Each structure stands twice: as structure tokens, then as C-alpha cells.
Amino acid sequence: MKASTASASAWDRVWLGANLTTMPGLPAYNDRHGPNELGEVRDAALAIKDGRIAWIGTRQQLDTLQWSAATVTLAEGLWITPGLVECHTHLVYAGDRSNEFAARLRGATYEEISRAGGGIVATMKATRAASEDQLLDQSLPRALALAAEGVTTLEIKSGYGLDLDNELKMLRVAQRIGEITGLTVVKTFLGAHALPPEFAGRQEDYVRHVCDEMLPAVATTKLADAVDVFCERIAFTQEQTRRIFARARELGLPARLHADQLSDGNGGELAADAGALSADHLEHTSEQSLQRMTERGVVAGLLPGAFYYLRETKLPPIERLRELNIPMAVSTDCNPGTSPIASLLTAMNMACVIFRLTAAETLRGVTINAAKALGLANNRGTLEVGARADLAIWRLRHPEQLCAEVGVHRPVEIVRTPR
């Protein structure tokens, strides 16, 4: 790696003697076992100023410069990674669905539970009944658990209100979580998550309601940064999803998609056609969809927690994702029913063990590729000059330990830049 050529000046802080994982641009997957996929720099120095990375290189390179800093930290042997990026959660909700966990252990399927009035609609009832403060009190501990593991950017979806007032309530709670924790919270409107009871038997009417009333109101309040849809046989059709995405595009809101989790609904292709940032789940995605995702640069969002909790058997097409150089992001899918996991480090281990990603692929999946899934790869998920100074600092032999050892590691320091 070449050191930054930016002129040295009075920096806010410098770390000396650290080891860095800079997370460079997309590597060639046929060389994924190469020595420097993570962009490792040993015995390095990193400087920040005004919330941005101002200089990065080896300590030997730094010794050739005239520099000063308000704070100098001797980080001998510590590892600095980009702050972790959690790119797919449903962590704002009320109540719990542990009864459904017990039902699945007795043999009930996700679809059977959903069609019997459980699933998303059960959480909707509890979320609607909660005040905004009650919803915050129940949701904040999940965000704090993720933050304690080095997460600095956190995506939160709505989707358990399923009417305008309660969807906006969820998005306001997500915004408040960011204000309280210092996390950058990316808010996603998921009004098309399930059909609410008041629209029973009238799915087309609800889709029109989402397009004509809910989306314009969400755009006007500026409470959402993107729009998601659950496109599945128990949720919304391809044609309905296309209409919702078309309306979101008119309002300037980018798309993400729950795609091909339970069946092949051409979700990857639909996401590509819509210019979506990511298509998430993908267990049943077809070759045609993968080809279209490659053409349009759609990130594959991998959610091993849901796969684990639902005891699925069909893996996402990992080897084809590698061969096609489709960026793979890794997330918890933190939600009340099918992935009640508020630990990104646990999801990283699952990605390796269950989905058979390499440790390097997984580490990229919670940094640079997760940032791409949120449309934020220009300034986070990587260590480079000009990027936000969102950092996680660890006492490790090597960052691969974060994937291998569950429940062991926490950052010794987290640096978050105010949004």
C-alpha cells in the first residue's frame, strides 16, 4: 500500500504502531486466499482530523513527515478495522415471538405460522399498541448490543406498523436510536412487509395505499433513506413490488429487496431491474437473477441467522456469487421471529460455518460490502483518506478471530463520527 500523499498538518489524533485492515475495493474471488485481501498494513499509523481519516500508511512512512497531533495513541499491536456496518435489521418492534420459536420446534413452518395470524402481523399488533417511548425502551437495548460489538452504522427497517401513523412512529424511534447512541442509523421504509388485517382480502387496495398515501408522506417527512418490499408468495407479488419501487423512485428513494428467501420469485432480477442497492436472503435465487445482479451491481445480502432459525436446507448460491464477483454483505436480520439475534459477531461466525464464507469474505461483508448495500461505500466501511473516522480497535492476533471465536471479543475502543 502507498501512504497518503496529503500534506501533514496538525491532526486531531494519530494512532502509532497499529495493524490496519483497510478493506480495499472488490478483490478477484479467484485469488480470495491471497495474502492481502483485507488490505492489511502492519506497524502502521492512522491520523484523523475533523471526523475524517486524514493520513494512513506505515509508521516508517510517517517518520519522513513533519506532523503534529493533539492526541497521540501508542497502539502497539492493536488492530484497527473500519467500524462495522450492520446493513439489514428489523430491530424496532414491541413484544416477542418466542411462542413461534416453540411452535417451529414442534414442526410448524414459517408459512403455517404466518397464515395462522402469527409472524409479522403478530408483531404488528404489539407494535401498534406501544407508545413511541415504550417502543424506544424495548428496541434500544438491541441497538446498544450491536454498538458494543463495534457497529458504527446501523440500518433499521419499519414494517411492523403497516399503517401510516405507526410506520412513521417506527421511523421516528429509529431516528431517536441514532441520536441516543451516536450510531449512524439508516432508515428504511418497509410498509410492504405484510398485509394488515384491515386490508384482509384487499391486497391491491393496500398496495395502492402504500403508493398513493404512505410513500409520499414518508418522503415528505424525510424519515426514510430507502424503501424495501417483502416480495414472496406469502407477501407481495413481483408486479406489486415493481409498482412500489417505481413510486419510490419518483420520490427519490432508493430500493432494497427481500428476495427469494422461501421460493424463486425472480427477486434478484427484479432488484436489478429496479436498480436496487441490495437483494437480501437469496436462498432460491436463479442463475438468471444472478446474471442480472452482476450487470447492475446489486449487492447480495446474506442473512445466516434467518436460515439458522428457520432450519432451512437450501443454501444461497455462494459459489456463483464468488464466480460472478457479486459483493456479499453479511447481516443479523435482527427481528422478533425468524432471527432474534442482536450480535453481528455471531452472524459472522454463522456466515462462515453455515454459509461457508471465508473469514476474509465475512469481514468484508460487514464493512465495505455492507456499506455498498446501503449506498455508503464512498465514505465508510473502509480505511482510506477522506473516509469517515468510524473505527473499531481490537486486541487480536488477527481479525480472523472475530469470525472464529464467539462471545470472546469486544473492541477496546470505538470511534464514531457524528452524522
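**Aromatic pairs, a cavity and an annotated domain**

Trp11, Trp55 and Trp67 are joined into a cluster by ring pairs, where rings of Phe, Tyr and Trp (its six-membered ring) pair if their centres lie within 6.5 Å. The model is predicted, so that local features need pLDDT of at least 70 and side-chain atom pairs count only at pLDDT 80 or more, whereas totals for chains, interfaces and linings use all residues. Residues are numbered from 1 along each chain as its sequence is written, and side-chain values use heavy atoms, with hydrogens and water left out.

The ring criterion gives 8 aromatic pairs. In one of them, the ring centres of tryptophan 11 and tryptophan 55 are 6.4 Å apart with planes at 35°, and the pair is therefore tilted (planes under 30 degrees apart count as stacked, over 60 as edge-to-face and the rest as tilted). This pair links distant parts of the chain, 44 residues apart: tryptophan 11 belongs to strand 1 (residues 10-21) and tryptophan 55 to strand 3 (residues 52-58). Strands (E, at least two residues) and helices (H or I, at least four) are DSSP runs numbered from the N terminus. Tryptophan 11 counts as buried at 4% relative accessibility, as does tryptophan 55 at 1%; buried means under 20% relative accessible area, exposed over 50% and partly exposed in between (1.4 Å probe, protein chains only).

The rings of tyrosine 93 and tyrosine 160 have centres 6.3 Å apart and planes at 80°, so this pair is edge-to-face. Tyrosine 93 lies in the loop between strand 6 (84-86) and helix 2 (98-105), and tyrosine 160, 67 residues apart from it, in the loop between strand 7 (151-157) and helix 6 (164-181). Tyrosine 93 is buried at 7% relative accessibility, and tyrosine 160 is buried at 3%. The charged end of arginine 142 sits over the ring of tyrosine 93, 3.6 Å from its centre (NZ of Lys or CZ of Arg within 6 Å of the ring centre and within 35 degrees of the ring normal).

A search of the whole structure returns 1 cavity of 30 Å³ or more, a cavity being a set of points on a 1 Å grid over the protein atoms alone where a 1.4 Å probe fits but cannot get out. The volume of the largest cavity is about 120 Å³, taken as the space filled by probe spheres set on the points, which are joined across faces, edges and corners. Its lining comprises 13 residues, with His90, Tyr110, His193, Asn335 and Thr338 nearest the centre; lining residues have an atom within 4 Å of a point.

The unreviewed UniProt entry annotates residues 79-414 as "domain: Amidohydrolase-related"; such annotations may be inferred rather than shown by experiment. The end C-alpha atoms of residues 79-414 lie 12 Å apart, and the span is 44% helix and 15% strand.

How values were computed: On a 1 Å grid over the protein atoms alone, a cavity is a set of points where a 1.4 Å probe fits but cannot get out, and a pocket is an open set with protein on both sides within 12 Å along at least five of seven lines; lining residues have an atom within 4 Å of a point.
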